[in-house]
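Subject: Structure for you to look at

Hello,

Here is the structure I promised to pass on. Please open it next to this email and follow along.

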Amino acid sequence: MILLELFWEFLKIGLFAVGGGMATLPFLQHLSEATGWFPQSLITDMIAISESTPGPIGINMATYVGCSIAGLPGGIVATLGEVLPSVVIVALVSMSLEKFRGSKLVDSAFYGLRPAVTGLIAAAGMSVAQVSMLRIELYEQTGAFGDLFNLKKIVCFVVIFAAIKKFKLHPIIYIACAAVVGILLMF
């Protein structure tokens, strides 16, 4: 039964998360709340792992959740659920692309989808920033404004952001540097 649930939930995510892997984050947050399969705080870990491994982030996250819930069969089923809508849609679109290439209706639909996808990705980014750089639970306990911010993580974010803008190195370099800094800050 859990395999069928995994397939169904990730089929819905794969069908409606238009715009790529980061667009799946709001759906994963909802899935976390609705099923309790994983805590919200694990989403940032899933992003880090998915970004650090080869392949699309949405598929990597589906595999991660599926494996953590139901082992290897769960990973396979969740991944298939995530991928199936895209495969079907791409097959259908490729069969009829020439027919609709100049369609004003299709162009208008894509024009409308762009801001929606941008909004989904921005909302996901804000959620990730909140989970990774703020300590809301500690702030709620103490009420002290200074406890709201995790300064080490904010400084790490600012330094990496500035380095990306200035040096434009390969993303894996920043990921590796952040991992080393994270390890060093643990001790």
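Read along the sequence, the chain runs α-α-α-α-α-α-α-α. That makes eight helices and zero strands. Please keep in mind that this is a predicted model. The C-alpha trace spans about 60 × 45 × 30 Å along its principal axes.

Start with helix H2, residues 25-35, and helix H5, residues 104-133. Their axes come within 8 Å of each other. They cross at roughly 55 degrees.

Which residues make the contact? From H2 come Leu-25, Pro-26 and Gln-29. From H5 come Leu-120, Ala-124, Ser-127 and Val-128. Sort the residues of this contact by type and you get five nonpolar, two polar and no charged.

Two elements give two or more residues to the patch: helix H1 (2-16) and helix H4 (57-100). Which element gives the most? That is H4, with three residues.

**One salt bridge**

How many salt bridges does the structure hold? The count is one. The partners are Glu-9 and Lys-12. Their closest N and O atoms are 3.4 Å apart. A salt bridge needs such a pair within 4 Å, so this pair passes. Both residues sit in helix H1, three residues apart. Glu-9 and Lys-12 are therefore separated by about one helical turn.

Over to you now.

Best wishes

Terms used:
Residues numbered from 1 in each chain as written. Predicted model: local features only at pLDDT ≥ 70, side-chain atom pairs only at ≥ 80, totals over all residues. Heavy atoms only, no water. Axes fitted to C-alpha atoms, helices over the stretch in contact; angles between N-to-C directions. Helix = DSSP H or I, 4+ residues; strand = E, 2+ residues; numbered from the N terminus. Contact = heavy atoms within 4.5 Å. Nonpolar A, V, L, I, M, F, W, Y, C, P; charged D, E, K, R; others polar. Salt bridge = Lys/Arg side-chain N within 4 Å of Asp/Glu carboxyl O.
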